[in-house]
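Subject: Structure handover and notes

Hello,

Here is the structure we talked about. My notes on salt bridges and helix packing follow below.

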Amino acid sequence: MPYRVPKSRLLPPRTAREVDRRRLHEQLNQGFARSPVLVLAAGAGYGKSTLLATWPAVWLTLGEDCSDPVVLGWHLLEAYTHRAHGGLEAVKAALERGAWASAGEALLEALSHLPAHLLVLDEAQRAASREAVALLRTLSRLPGLRVAVLTRRAAPWEVLGRVLGERELAFDAEEALQLAEAIAPELPAFEVEQAHSLVRGWPLGLRLLLRAMQRGAKPEQAFYAHPDPAGLLAILLPALPESVQQLAARASVLGELGPEEARWIGSVKDLEPYAADLLLEAVGGRIRFHPLVRQALMTLLEPGEVRNVLSRAADTALQRGEDVRAAGYLLEAGRLGHAADLVLKRGEEWLAKGLTYTVLAMLEHLPERMLHTRPSLRYLHGEALRQAGRYAEAEQVYRQALEGGVERALVGLSRLYLDTVEPAKASGYLLAAKVRFPEEVAPLWAENLLNAGRVNEAISLGLDGPRVWLRSGQPERALQELRQWQASSTARAPQNHREGTLLLALLEAVAGDAGAAETAAHKGRREGETLGSPFVVALAEARLGHALLAQNRWPEAKEAYRRSLSLSQGGPSRLRVEPLGGLAALGEEKAFGEMVRFARESGDAWVEAFMTLVAAQAHLRRGQPFAMPALAGIDDPFLLALAQNAQWQSDAGGLLQRYPFLGNPTLFAPPIHRSRRLLWEAGKLNLPYHPGVCVEIRAQGVLRVWVGHREVRFKREKTRVLLALLLVRDWSKDALLETLEVSDGEFRVLWSELLNTLEPGRPSRAPGYFLKPYGLAQVPELWVDLWHATAEEALPFEGMDHPELERFRAAWLQRLLQKYRQSESPTDWLRGLLLEPLDEDLYQRLLPTDLGPEARRIYQQALQELELEA
């Protein structure tokens, strides 16, 4: 495993349990019933670990290194290895490349089969970071998982769930008496109660005070609540021989130690007789000092001696190959120069292992003068910021490194603009870096050529992979390869939004399944939110827009594109290209010109052509004209073929044969009626007849019909009623004749008008395509709003007077009202009141809300109209 997780962190501490805390156990059970995450936030010594150590749980004690989400990911992986029984390969692969947000999603999926269980995170205050909280938030979505976060400070964990603080965790009088009975039974009850009052229920303070009272100390002579180290030593030291005091002080510097450290610390077995006095915890063959005891004992040592112990610990860690832990010891010892040199020596290796936030934390501990005298540290800082997705900060730090004479910053800036897909900005830095680092820059140069649309040149330089296949006109191959990478435990997809979930979302929208594209886009957004990266979230929203556009869900696609555009403000030019192209596809006039401008500013000719064709095909599917511009500098055969057949007229059949995925709902799919007509003409659709048009019927509100994107009207009102009845349900001929009150001859006239209106140019003896015997056929070319969830919620068949339609409308109204009544949103309640102005329940619910005045107006107006109130 790339990161060694100490086994002692996976075991609960073995501590004394003299008090039965049933009261608190009940509180925990009640808390978990309301929230899957409980944060037990109280100072040291409130019995948090002791309390949860008795529960069956997956246990994890966190260290400072766990503030790095990749390290926390390795700890979670190790904790669940034996419970998951395999299936964690994707998690491991993601962690190895530093993709901690992806690892969180993969862990969520891998553990989905586990039964309900508890996860305990002890000493969580050590790992407090936004990223660690974000990773835990992802994991907390696991069904049946309960998480107990034990921390001395509620922040930042309180956002995860309900907080239990010191007031809940403190001993009550009964628990205080139980503790005294266990460790100092000779003390009278009133003195125990006095001690309990003095320490204000603090469990550790009560334990120490009772031991002092055993030795003759008076409660009022001891301390109040939380003591300082000197006060704590006054209680601890009388019970310890001087030799034990010194040994304990040296051992406490490390906080936790086992046989390896004991070789140079001293015989820790000498501490065993005093384990109760020192509050030592036994964890997997190692001993651990309580944080307050450690803080107090360390004051017995001279600063130089503390530094010596930490330095020796650093040397030992280096000998074991634990260089990250060694750097931590050096920083704690104040040996900043040595720590800086170690970071400089190992930093790139740590970054390659994905320990981005570990490197960032170490660099933040170093003073500015260290970075000034070691300018290469600035390059490392830039690399870490870039890997964390903090592109603007990374750009600034790279430039500082460049000014300090670090030529590798040229490579860093090149990588930065590859990440943001800005080939115009990258090219100058790549040219400069190519002279100094030719081998390292060669693949970067090839990728930049790809980003600029010069695909064949990139391929000639040996570049391959899904993005190459996509931009070289092989989207199906790109999709299949990326799917294999996603499913494989051995293949390693490069870490970046360019090659991960969001590329999968794009490829699914182009050549796969638009529903899968939507799922991948949502997953990508969650990863971006977990990372705290507006760049990734903005790109995820654009890819969500593409998935919705491929499904012809126009209003939802527009909302996604608008969110993406809003998030992309202040980001690189390339980030705005896709949402602007999507808005252009939906008919926004100025968006297309803006898309072209930003694509050219970033230097990406391929994406300009790509989004131009997305816009063209969306206009075609919506039945609207689009002036197709010439595509310059593009050698993608797929895009060129689409451009040559933009109206699907010259070689449309051949296009479908070469790219069969265009017959499915995808970004570049022609209108479904056109592709299916072509397939029918080619003999690949087993139908006697295909009309070659699409039909859209909107029945909510006034009944309206479009055929081939043109609205049609019926000559006879009864033909319109006939269509409305067919929308309600299937019929027999006799039932239709009776319901319409027409003769057989008149019915044939009505049926013929309906059939010929929906299928203009139909051969006289051809069977109906949209109509089956006395019902509507469920075919892809027919869209009916009553069959789909839409934002429109008006009552159907407005203005049509027929008993059957009235019954359908009444049932529809009741379903709609039921939906509004079950909602928790006052806005929905108001919608319900608009439909049923005298609904007393909705009216009373609305009165205390901000919508109360509007509800009162609607209600009063209805009463007046019915002359029930003057």
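Helices here are DSSP runs of H or I with at least four residues, numbered from the N terminus. The model is a predicted one. By that numbering, helix α23 covers residues 408-419, and the residue to look at after α23 is Val421, whose phi is positive, near 55°.

Helix α23

The length of α23 is in order: 12 residues at 1.5 Å a residue should span 16 Å, and the end C-alpha atoms are 17 Å apart, which agrees. How many of the residues of α23 are buried? The count is 12 of the 12, so α23 is largely enclosed by the rest of the structure.

Salt bridges

Across the whole structure, the search gives 67 salt bridges.

Arg408 pairs with Glu348, with 3.7 Å between the closest N and O atoms. Arg408 belongs to α23 and Glu348 to helix α18 (residues 336-352), so the bridge ties together parts that are 60 residues apart in sequence.

Arg141 forms a salt bridge with Glu105, and the closest N and O atoms are 3.3 Å apart. Arg141 sits in the loop between α6 (130-139) and β4 (145-151), and Glu105 in helix α5 (residues 100-110), so this pair joins parts 36 residues apart in sequence. Arg141 is partly exposed, with a relative accessible area of 38%. Glu105 is buried, at 5%.

Arg483 and Glu508 meet in a salt bridge at 2.8 Å, N to O. The former lies in helix α28 (residues 475-487) and the latter in helix α29 (residues 501-511), so the pair ties together parts 25 residues apart in sequence. Arg483 counts as partly exposed at 31% relative accessibility, and Glu508 as buried at 6%.

Helix packing

Two packed helices are described by the angle between their axes and the distance between the axes. Two pairs are given below in those terms.

Helix α17 (residues 323-333) packs on α18 at an angle of about 155°, with the axes 9 Å apart. Angles over 145 degrees count as roughly antiparallel, so α17 is roughly antiparallel to α18. Their crossing is left-handed. From α17 the contact uses Asp323, Val324, Ala326, Ala327, Leu330 and Leu331. From α18 it uses Leu336, His338, Ala339, Leu342, Arg346, Glu349 and Trp350.

In the other pair, α31 and helix α35 (residues 605-621) pack at about 30°, and their axes are 11 Å apart. The crossing of α31 and α35 is left-handed. His546, Leu549 and Ala550 of α31 meet Met611, Val614, Ala618 and Arg621 of α35.

Regards

Technical notes: Residues numbered from 1 in each chain as written. Predicted model: local features only at pLDDT ≥ 70, side-chain atom pairs only at ≥ 80, totals over all residues. Heavy atoms only, no water. Salt bridge = Lys/Arg side-chain N within 4 Å of Asp/Glu carboxyl O. Helix = DSSP H or I, 4+ residues; strand = E, 2+ residues; numbered from the N terminus. Buried < 20%, exposed > 50% of the residue type's maximum accessible area, 1.4 Å probe, protein only. Expected span 1.5 Å × (residues − 1). Axes fitted to C-alpha atoms, helices over the stretch in contact; angles between N-to-C directions. Parallel < 35°, antiparallel > 145°, perpendicular 65-115°, else oblique. Left-handed = near helix turned anticlockwise from the far one by under 90°. Contact = heavy atoms within 4.5 Å.
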